[in-house]
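User: Could you go through this model with me?

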Amino acid sequence: MLKNSTYRNIFIKSFLIFLGIVISFLFIEFLLKIFLPPETTLKFYDNPVFGSAFVPNQKGLFITETKEYSSEVEVNSQGWPDIEHSFNKPEGVYRILILGDSFVENFQVSFEKRFFRQLQDKLGDKFEVISMGRGNTGTAQQYLMLKEYGLRYKPDLVIQMFLTANDIKNNSPILQNDPYLPYFEIDTNNNLKEIPQIKRSDRKLSSLKEILKKFEITKIILSLRQKYLEQRAISLSGGYPVDYHIYNSDYSSEYQKAWNVSKRLILETKKIAEESNAKYILVTLANNEQVNSKVREEIFKKYPNIKKANLDFEKPDGIIKEFSENEKITYWPMLSYFQDYVKNDPNSTTHYFYDGHWNETGTNLAVDFLFNNLKNYLTIK
């Protein structure tokens with residue numbers, strides 16, 4: 001009898017301790033929900049073709065991690081943050097499909113101010129501009145986006161917006177270090193071969209993990225873990241982020257491999273566009289650190305080891321230019337256009353300082369750049 005009473009007391013104490021932990025957890029979670037700033041409310045799903053994608057037919061708030069801006073985002077029925085576009089091309093309309101990453105999403109400004117909407121207004125009713133942008137994608141995922149989704153719109157012209165700041169890195173499973181994306185490699189027969197993505201939904205206890213990720217406490221823990229991993233990656237890559245290695249005077253074997261894959265992917269993207277009777281244009285964007293001297297100063301200050309690397313901030317654009325000339329690719333570089341603007345107005349900024357995306361000025365510059373080039377290319381009067 002005494003033994004049963006002891007077990008009962010132990011059980012009651014254990015239950016009370018567990019209950020206290022649960023109540024404390026819920027109380028802390030409640031306080032965090034109240035006092036933490038709002039966050040992105042957009043919903044995503046595992047796309048079987050190119051990785052994480054927007055859930056179609058939704059409205060939500062996008063807030064950058066740096067909290068420098070936020071915007072309302074509406075996703076159409078096909079899962080792209082643009083207006084609705086029919087797969088059937090209207091008679092007498094010239095369709096331009098723009099492919100790229102978060103710069104093509106252009107969440108930094110309100111919808112009607114986004115560069116593809118302004119470009120539509122400038123071009124007029126005889127043209128239809130379709131934006132197919134998805135953040136955290138590189139050339140590999142964008143090639144698949146065009147192949148499986150974009151060509152359904154029967155575009156007359158495909159413009160690929162290439163961000164040298166991270167698109168080369170994005171095309172390497174080693175440098176990107178994200179197993180939940182599809183990648184490509186060049187096999188022993190010199191063929192481009194897809195490396196299938198791992199789906200988050202296939203992980204062990206994936207449903208439980210997704211539930212836990214909704215708690216603010218879990219988000220804080222994951223954020224701290226991510227910062228630790230980033231710092232560890234920086235220490236292993238010479239003392240500065242792998243993104244800036246794109247400007248190194250000498251590339252590592254992994255970076256060179258990523259470059260080789262990126263070039264092949266550009267050629268494959270051009271090929272499938274042209275096989276569908278569309279023209280192809282490659283546009284390289286101007287990176288924040290290439291344009292803004294204060295950003296470069298901040299980078300050198302934050303990562304002293306970077307001074308030993310002998311960086312060349314125009315090197316990636318030079319590589320793309322030479323590659324495009326050799327492969328007869330129509331190529332439009334934005335870099336000098338942005339640099340000239342800042343040179344003429346030294347107090348101006350074209351990108352958000354920490355986030356790195358275009359601000360409203362940069363967005364408008366991109367519109368003018370594209371329109372002026374298209375006006376000559378398409379002989380628009």
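Analyst: What follows is about a few helices and loop residues.

User: What should I know about the source first?
Analyst: This is a predicted model, in which local features need pLDDT of at least 70 and side-chain atom pairs count only at pLDDT 80 or more, while totals for chains, interfaces and linings use all residues. Residues are numbered from 1 along each chain as its sequence is written, and side-chain values use heavy atoms, with hydrogens and water left out.

User: At what angle do α9 and α12 cross?
Analyst: The axes of α9 (residues 253-275) and α12 (residues 315-327) cross at roughly 45 degrees and come within 12 Å. Axes here are lines fitted to C-alpha atoms, for helices over the stretch in contact, with angles running from 0 to 180 degrees between N-to-C directions; helices are DSSP runs (H or I, at least four residues) and strands likewise (E, at least two), numbered from the N terminus. The two helices are therefore oblique to each other, a class that takes what is left after under 35 degrees (roughly parallel), over 145 (roughly antiparallel) and 65 to 115 (roughly perpendicular).

User: And which residues meet there?
Analyst: From α9, Trp 259, Lys 263, Ile 266 and Leu 267 meet Pro 316, Ile 319, Ile 320, Phe 323 and Glu 327 of α12, where contact means heavy atoms within 4.5 Å. Those residues divide into seven nonpolar, no polar and two charged, with Ala, Val, Leu, Ile, Met, Phe, Trp, Tyr, Cys and Pro counted as nonpolar, Asp, Glu, Lys and Arg as charged, and the others, Gly among them, as polar.

User: Which residues of α12 are buried?
Analyst: In α12, Lys 315, Pro 316, Asp 317, Ile 319, Ile 320, Phe 323 and Ser 324 are buried, meaning under 20% relative accessible area, as against over 50% for exposed and partly exposed in between (1.4 Å probe, protein chains only). The buried residues of α12 pack against β7, α9, β10, α10 (288-291), β11 and α13.

User: Switching to the loops, where does Lys 67 sit, and what is its phi?
Analyst: Lys 67 lies in the loop between β3 (58-63) and β4 (70-75), and its phi is near 65 degrees, a positive value in a residue other than glycine. Its relative accessibility is 47%, so Lys 67 counts as partly exposed.

User: What about Lys 154?
Analyst: Lys 154 is in the loop between α4 (139-148) and β7, with a positive phi near 55 degrees. At 46% relative accessibility, Lys 154 counts as partly exposed.
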